[in-house]
Amino acid sequence: MNLRLVSMIEWRPIESMPDNRKDGRYLLLWDADGAVVASWNADDWERSGGFDDPIDGITHWADINRPGDRAMRNPSQDEILNGLVEKFKIRLNRSI
């Protein structure tokens, strides 16, 4: 038997969506018709692929990740800095 690890979609209520997700990235939305891939275009949701059908009754959202990817999140400045320090072996002088 061949088993594969499949990531589950982490659906969240639309009210919980942080504003930073409306930066043009594609997200998975759940509306009255089911799952929709869409991005925010400054004042409304726009379906991927150029479809003009309205997206009505959005109840949930999820980040789009490849199977096995960790859920996308926005790291803190310290996490970013620590990641750069580790990656490039940078020594910082914090005596400012």
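## A walk through the fold

Residues 24 or more positions apart account for 50% of the contacts in the chain with a separation of 6 or more. The model is a predicted one. The chain has 96 residues, and 19% of them count as buried.

Start with the elements. There are 5 strands and 1 helix. Read from the N terminus, they run β-β-β-β-β-α.

The 5 strands form an open sheet, and their order in it is 1-5-2-3-4. The pairing is antiparallel. Strand 1 (12–13) and strand 4 (45–47) stand at the edges. Each has a single partner strand, so one side of each is left without a neighbour in the sheet. Strands of a sheet pair through backbone hydrogen bonds, either parallel or antiparallel.

Follow strand 1 to its partner. Strand 5 covers residues 60–63 and runs antiparallel to strand 1. The two are joined by 2 bridges. Pro13 stands opposite His60 of strand 5.

The largest nonpolar core has 9 residues. Among them are Met17, Leu27, Leu29, Val36 and Ala38. Trp45, Ile55, Ile58 and Trp61 belong to this core as well. Strand 2 supplies at least two residues of the core, and so does strand 3 (34–40).

Turn to the charged side chains. The count comes to 5 salt bridges. One of them joins Asp63 and Arg21, with the closest N and O atoms 2.9 Å apart. This pair links distant parts of the chain, 42 residues apart. Asp63 lies in strand 5, while Arg21 sits in the loop between strand 1 and strand 2. Are these two partners buried or exposed? Asp63 is buried, because its relative accessible area is 9%, under the 20% cut-off. Arg21 has 5% relative accessibility, so Arg21 counts as buried too.

Glu10 and Arg12 make another salt bridge. Their closest N and O atoms are 3.2 Å apart. Glu10 is partly exposed, because its relative accessibility is 45%. Arg12 has a relative accessible area of 24%, so Arg12 is partly exposed. A further salt bridge brings together the side chains of Arg25 and Asp23, at 2.8 Å from N to O. Asp23 is partly exposed, with a relative accessible area of 48%. Through shared partners, salt bridges join Glu10, Arg12, Arg21 and Asp63 into one network.

Finally, the surface. Which residues form a nonpolar patch there? They are Ile9, Trp11 and Trp30. Together they have about 290 Å² of accessible area. Trp30 belongs to strand 2, which spans residues 27–31. Its relative accessibility is 39%, so Trp30 counts as partly exposed.

Note on methods: Residues numbered from 1 in each chain as written. Predicted model: local features only at pLDDT ≥ 70, side-chain atom pairs only at ≥ 80, totals over all residues. Heavy atoms only, no water. Patch = residues over 30% accessible without salt bridge, like charges linked within 9 Å, V, L, I, M, F, W, Y side chains within 5 Å. Areas by Shrake-Rupley, 256 points an atom, 1.4 Å probe, with all protein chains shown as cover. Salt bridge = Lys/Arg side-chain N within 4 Å of Asp/Glu carboxyl O. Helix = DSSP H or I, 4+ residues; strand = E, 2+ residues; numbered from the N terminus. Buried < 20%, exposed > 50% of the residue type's maximum accessible area, 1.4 Å probe, protein only. Pairing = 2+ DSSP bridges. Core = buried A, V, L, I, M, F, W, Y, C linked by side-chain atoms within 4.5 Å. Contact = heavy atoms within 4.5 Å.
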